[in-house]
Amino acid sequence: MRDNTGDSGNFLVELRGLSYTYPGSAEPALREVSLSLRRGDYLALCGANGSGKTTIGRCVIGLCKPEPGSIVVDGNLDPADPSSLFAIRQKIGMVFQSPQDQLVASIVEEEVAFGLENLGLPSAEMEARITEVLGQLGLSALRTRPCRFLSAGQQQRLAIASVLAMRPECIIFDEATAMIDPAGRASILDIMDSLNASGIAIIHITHNMDEAARARRVAVMSGGRLVFEGGSRELFALPNLAAWRLCPELVPVSDPAAKAKANAPIREAANEMAFEYRNAGFSYLRHTMFETVGVRGLSLKIPGGTLAAFIGETGSGKSTALQLANLVLFPEEGEVLAFGESSMDKKLNLRKRRMNAPLSVQMPERALFESFAGDEVAYGPRMQGYKGKELVARVRKAMDLVGLPYELYRDRNPRTLSGGQKRKLALASILAMDADSYLFDEPTASLDPCSAREVMDIILSLRKAGKTVVIATHDMRNARLADTVAVFRKGELAFAGKAEEACSDELLYAEPALECGS
């Protein structure tokens, strides 16, 4: 698969039969991968969750130590050699799948300055670069904000800005658009195109086939092996994409009759209100110079046994609204009711409330804490009082349902799983609780196309069983499946109604972050 034509000195990165096994893992993450990247190239690296894509990037910059000689950077640098790492990381930057993994400073502008200080740049040059990249990524207004109070999407933009400021010869983007709204995603992709046009090599690790099509070359990983390298048209013409879990269609059910049947609830729950927001408001860092509105004046009803979708641009209030639903956050104004119980009730049983409306947070992989995957999934039902065979049955059912077979994954350390597999594990951990309602923040982000479709199938099956499900999503293909779509804009509810109405021309004109593709 490696390009052996021409002068090898023109290669910026060469993988020469790269294999890698994570410590403590029985299976190799990479198996004899040979692949080259020329200067100024644009490569999309695709494949299912756990196929080895991110591991390649981590090996190239030396975060995972490859075998000596299995990677060559710029003709003579080896990431297996510690003395080469500083030079490699000056030439190649990486934007990680989880932005919090690479943020080190407390303030936005200090985060961008961190790498520039390590390069020893003059203050005037640093200031110019910081201003430039923050403007490019739409973060100028947040320049003095603490990083930990940014939304996940804003943190992802900041991580990109920090790498862009370094002006490397190559940037590896690992699912860099996964948590960003469609308008922001389009902006990031345009930046990638512009960077590549200026001569910077791009490696774009992505599950999105539309994004992959923008690259000059596409490489596909499956089971740790390189199984395809070529153009996107050549790839899309292949009949076996599903075997590599690169399903082109994310919508769970395509046939209208089948879709209607799948969506029909088993029991009628319309008379029972699952969640009700009554003029609810919440602000982060209230009464400080950094105060930011989460939501304000939110009034919304979500009937029991239905699926609701919260949509809107990054930082618009979707996640805040979800956290208010199970009282991870308490409203500072108004109230939020769950199945008739008010947040203002001083006798409210918070433990019971949260277990009856478990929340899968925006980056659930950061909430994993057990040493074994099976124990992670068992934690919730164990807290509910389940034990013995009944507990094992719940864990087995949930893990099998999300595509992490119990017998294969129960004894694995969650930290050895890929980002997408961690997301599936977090999903299984709340499904095992068999609650009356579920809250999912970006449930399909960072998942390969087939896994994303399977997750939405699970969500539809929950609604069919009479459960109430609320999701926050940037993907209108997901939102179209909902009974109610709530559009958030700058902390306020801009619209609540049917998906078809949410995609009206008038609303789209006012809300460019929506992407209403079918």
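Helix H15 is largely enclosed by the rest of the structure, because 13 of its 13 residues are buried. Keep in mind as you look around that this is a predicted model.

- Two packed helices are described by the angle between their axes and the distance between the axes.
- For helix H13 (residues 388-401) and helix H15 (residues 419-431), the axes come within 8 Å and cross at roughly 140°.
- The crossing of H13 past H15 is right-handed.
- On the H13 side, the contact is made by Ala398, Met399 and Leu401; on the H15 side, Leu425, Ala428 and Leu431 take part.
- What kinds of residue make up the contact of H13 with H15: nonpolar, polar or charged? Six are nonpolar, and there are no polar and no charged ones.

- Helix H10 (residues 318-325) is mostly covered, with six of its eight residues buried.
- Those buried residues of H10 are Lys318, Thr320, Ala321, Leu322, Leu324 and Ala325.
- Just after H10 comes leucine 327, which has a positive phi of about 60°.
- In helix H3 (residues 108-119), the buried residues are Val108, Glu111, Val112, Ala113, Gly115 and Leu116.
- An α-helix has 3.6 residues a turn, so residues three or four places apart point the same way.
- You can look for that pattern in the buried residues of H3, which include Val108, Glu111 and Val112.
- After H3 comes glycine 120, and its phi is positive, near 75°.

**Positive phi values in loops**

- Leucine 285 has a phi near 55°, a positive value in a residue other than glycine.
- Where is leucine 285 found? Leucine 285 sits in the loop between strand E10 (273-284) and strand E11 (292-303).
- With a relative accessible area of 22%, leucine 285 is partly exposed, because buried means under 20%.
- Aspartate 434 has a positive phi too, near 50°.
- The loop that holds aspartate 434 runs between H15 and strand E16 (437-441).
- Aspartate 434 counts as partly exposed, at 43% relative accessibility.

- Histidine 204 belongs to strand E7 (residues 201-205).
- Is histidine 204 buried or exposed? Histidine 204 counts as buried, because its relative accessibility is 0%.
- Leaving aside neighbours within four places in sequence, histidine 204 is in contact with Tyr42, Leu43, Ala44, Leu45, Phe173, Leu189, Met192 and Glu211.
- Phenylalanine 488 lies in strand E18 (residues 484-489) and also counts as buried, at 0% relative accessibility.
- Phenylalanine 488 and glycine 315 are 173 residues apart in sequence, yet their C-alpha atoms are 9.2 Å apart in space.

Notes:
Residues are numbered from 1 along each chain as its sequence is written. This is a predicted model: local features need pLDDT of at least 70, side-chain atom pairs count only at pLDDT 80 or more; totals for chains, interfaces and linings use all residues. Side-chain values use heavy atoms; hydrogens and water are left out. Axes are lines fitted to C-alpha atoms, for helices over the stretch in contact, and angles run from 0 to 180 degrees between N-to-C directions. Helices (H or I, at least four residues) and strands (E, at least two) are DSSP runs, numbered from the N terminus. A crossing is left-handed if the near helix is turned anticlockwise from the far one by less than a right angle, and right-handed if clockwise. Contact means heavy atoms within 4.5 Å. Ala, Val, Leu, Ile, Met, Phe, Trp, Tyr, Cys and Pro count as nonpolar, Asp, Glu, Lys and Arg as charged, and the others, Gly among them, as polar. Buried means under 20% relative accessible area, exposed over 50%, partly exposed in between (1.4 Å probe, protein chains only).
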